[in-house]
Amino acid sequence: MADNKRPESMQRITTPELAQAFIDEQLAALRAQIGDKKVLLALSGGVDSSVVAALLIKAVGKQLTCVHVNHGLLRKGEPEQVIEVFRNQMDANLIYVDAVDRFLDKLAGVADPETKRKIIGKEFIDVFAEEAYKLDGIEFLAQGTIYPDILESGPVKSHHNVGGLPEDLKFELVEPVKFLYKDEVRVVGKQLGLPDNMVFRQPFPGPGLGVRCVGAITRDRLEAVRESDAILREEFRKNGLEGKVWQYFTIVPDFKSTGITDGLRTYDWPVVIRAVNTVDAVTAEVAELDFKLMAHIVDRITHEVKGVNRVLWDLTPKPTGTIEWE
């Protein structure tokens with residue numbers, strides 16, 4: 001564990017100057033470790049893997065290959081942003097894998113949360129391994145492991161990173177941000193020039209929207225989660241709440257209720273809104289919001305999201321409720 005212990009002398013990265021010093025140090029370390037060899041990275045678009053990608057692009061350029069797997073459980077616009085930022089702006093070697101049908105077919109009819117997580121995790125590893133087998137000369141695997149991951153569960157993140165690869169795909173690990181806390185990763189990402197909505201992206205579960213489409217995932221209900229989440233995020237951003245509320249998202253449970261839309265009786269899903277503040281995610285308090293804003297969000301979701309006729313607000317703190325529903 002000695003190699004995975006944050007040095008006591010390491011200063012907290014809180015300023016652009018400290019971030020730049022860290023970047024310079026890591027660029028030298030990455031070049032020394034990788035040399036002229038090739039490195040592979042599973043790029044989700046989250047802040048951790050995005051910062052690692054940006055560091056490696058600066059350090060070794062085209063020696064890095066990024067693989068972005070779209071499993072159909074990402075938030076609206078996220079796959080497009082990964083392609084725009086890393087392929088179009090940073091000129092990275094980016095492999096985009098459209099695996100939406102593959103994942104959703106495997107998940108069809110599966111309601112148990114843990115079974116869903118295991119299917120998503122295994123399928124991700126299988127897809128990533130298939131792409132890795134197509135590449136020649138890869139000797140390193142980069143991962144967005146951060147220090148809380150090491151403290152909580154060892155050096156490999158169970159969903160975001162690629163543990164469990166086949167024996168013949170065992171690479172030497174490259175983990176440039178493994179001693180950083182999440183807030184430090186964000187400072188480094190900002191200094192690297194990544195867009196704010198990527199750097200300050202909210203915490204997002206590894207199985208993505210799969211745990212917010214409660215119960216067995218269907219494509220239409222998954223789309224209702226994605227569209228309602230996009231409306232919620234847009235309204236929070238427009239009203240100055242981005243960065244002030246720790247996490248906010250929507251859930252669409254697997255039941256329906258009656259309603260009235262355009263004078264006609266409907267039998268559609270509810271959307272549940274969750275907005276919480278926390279320091280450590282061990283406990284969480286419900287965010288207090290302006291009622292007019294809440295009413296406006298309800299109006300938009302019920303009129304703009306197909307298959308939805310009701311919006312509920314989850315006002316449960318943690319404990320007794322967890323932050324996520326699954």
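In the predicted model, D229 is buried, with a relative accessibility of 1%; buried denotes under 20% relative accessible area, exposed over 50%, and partly exposed the range in between, with a 1.4 Å probe and protein chains only. The model being predicted, local features need pLDDT of at least 70 and side-chain atom pairs count only at pLDDT 80 or more, whereas totals for chains, interfaces and linings use all residues. Residues are numbered from 1 along each chain as its sequence is written, and side-chain values use heavy atoms, with hydrogens and water left out.

D229 belongs to helix α9, which covers residues 219–238; helices are DSSP runs of H or I with at least four residues, numbered from the N terminus. When residues up to four places away in sequence are not counted, D229 is in contact (heavy atoms within 4.5 Å) with R75, R212, Y248, F249 and T250.

R219 is also placed in helix α9, but this residue is partly exposed, at 44% relative accessibility. Beyond residues up to four places away in sequence, R219 touches V100, D101, L104 and D105. The C-alpha atoms of R219 and L104 lie 7.7 Å apart, although 115 residues separate the two in sequence. The side chains of R219 and D105 form a polar contact of 3.4 Å, a polar contact being a pair of N or O atoms within 3.5 Å; within protein, one atom must be able to donate a hydrogen and the other to accept it, and residues adjacent in sequence count only if both atoms are side-chain atoms.

Helix α5 spans residues 113–133 and contains E131. E131 is buried, at a relative accessible area of 10%. Neighbours within four places in sequence aside, V67, I95 and V97 are in contact with E131. The side chain of E131 also makes a polar contact of 3.1 Å with that of K134. Between E131 and E288, which are 157 residues apart along the chain, the C-alpha separation is 45 Å.

The largest nonpolar core has 53 residues, and L40, F128, L165, F236, V245, L289 and I301 touch the most other members; such a core is a set of buried Ala, Val, Leu, Ile, Met, Phe, Trp, Tyr and Cys residues joined through side-chain atoms within 4.5 Å. Helix α5 supplies the largest share of this core, with eight residues. Another core, of 39 residues, lies apart from it and includes I34, L43, L64 and I146.

Terms used: Helix = DSSP H or I, 4+ residues; strand = E, 2+ residues; numbered from the N terminus.
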